Amino acid sequence: MEPHETSLNLNIKDGTRNYSKSTDSGSDPDDSNNNNTIITQQSEQTKNTKPQGQIRAGLRSLYLDKPVRVKFVNHSGKEVQLYWINFVGECEKAFKILDGKSEVVDTFETHPWIAANARNKKVSHAFTIGNNLVYYPLMGPNGGKYAVAEIRKAPEKLADLISRPNGTEVLVKFINRTSRPAYLEMVNPEGDRELKHTLEAGQSWTTCTQEKTFWITTMDQETDEGLLLNYGWYYSPVKTRMKKERCYITDYI
C-alpha cells in the first residue's frame, strides 16, 4: 500500500526557510498556511559562532546551491519528528510524520537531517534515515522526481549491526579528519568485525563495498574507543548520483 503523501514546499525569501504544507486530500490552501514552520537562516557572522544545543561539533548545513527534493517515508512503527540541522549546528524542528505516512520536502545537498521520537522532548538518534543516523540529501544514481529516504528504527548497540549486502556496489572515500589513526572495520554477515584498513590522520582511502553493509571505526584497538562516521557511530553506504560517496571520520566532541 502506498503511504499517504503530503508535500512541503521550501521557499527561500528574506533569509528564511518557509515550509508551506499541502496534502493530496484537497484541503484549503489558506488553512495549510496556518501550519507553516519558519526556519531562519543564519547570517555569515552568526554561522561562525558556537551555538547552544549543537548536536555534534562540525555538523551543520553548508550551502544553498544544489536543491534536491526528498520523499521521507516513515517505516519506523512510531510517529517521528524530523529535524533540520541549521547553519550553526542546532536542531530546528521541521515537521512530524506518522508511521506509514510520507512527506516530500525541497531541501539542499549538504543540509543534514535527523529523525527522533515525536513524543520525546530529548533529541536522540532513535531512528535512521536512509539507513544512517544523519541523512544528507542526494539524488539516486538513476535520477527521478525525488530521492527516497526511508525512516526506520535505529540499531542500539554493536550486536545489532549485521551486514546484509544487496549486490549494489558503492565506491566510498573514507576521509580521516582526526589527529590520530582510524581503524576501519566492516561488520560481516555473521556479525563479526573485520579490520579493512588503518587510515592515518589527515589521509583518505577509497574502497568498493556494497549497500546494506555496516562500517565502524576506532581510535584504539585495545580500548575499542570509537570515532564518528558521517557523524554517526556507524556508517552504511548508500549509492547516490556521486561517483564516490564520502564518509568523514571525526571525533566525538
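A: Let us begin with the idea of a nonpolar core, which is a set of buried Ala, Val, Leu, Ile, Met, Phe, Trp, Tyr and Cys residues joined through side-chain atoms within 4.5 Å. Buried means under 20% relative accessible area, exposed means over 50%, and partly exposed lies in between, with a 1.4 Å probe and protein chains only. This is a predicted model, in which local features need pLDDT of at least 70 and side-chain atom pairs count only at pLDDT 80 or more, while totals for chains, interfaces and linings use all residues. Residues are numbered from 1 along each chain as its sequence is written, and side-chain values use heavy atoms, with hydrogens and water left out.

Q: How many residues does the largest nonpolar core have, and which have the most contacts inside it?
A: The largest nonpolar core has 20 residues, and F72, L82, F95, W113, I129, Y135 and I151 have the most contacts inside it. Strands are DSSP runs (E, at least two residues) numbered from the N terminus, and β4 (67–74), β5 (80–85), β6 (91–97), β8 (113–117), β9 (127–129) and β10 (147–153) each supply at least two residues of this core. Another core, of 14 residues, lies apart from it and has V172, L184, W215 and I249 among its members.

Q: What is the order of the strands in the open sheet of four strands?
A: In general, strands of a sheet pair through backbone hydrogen bonds, either parallel or antiparallel; here two strands are said to pair if DSSP finds at least two bridges between them. The order in this open sheet is β14-β11-β18-β17, with mixed pairing, and its edge strands, β14 (204–210) and β17, each pair on one side only. Strands β17 and β18 run antiparallel and are joined by two bridges, with L229 standing opposite I249 in β18.

Q: Which side chain of opposite charge is nearest to E245?
A: Lys and Arg count as positive and Asp and Glu as negative, whereas His and the chain ends are not counted. A salt bridge needs a side-chain nitrogen of Lys or Arg within 4 Å of a carboxyl oxygen of Asp or Glu. E245, found in strand β18 (residues 245–250), is buried yet has no salt bridge, and the nearest side chain of opposite charge, K239, is 5.9 Å away.

Q: Where is N230, and is it buried or exposed?
A: N230 lies in the loop between β17 (228–229) and β18, and it counts as buried because its relative accessibility is 13%. Although N230 is a residue other than glycine, its phi is positive, near 50°.
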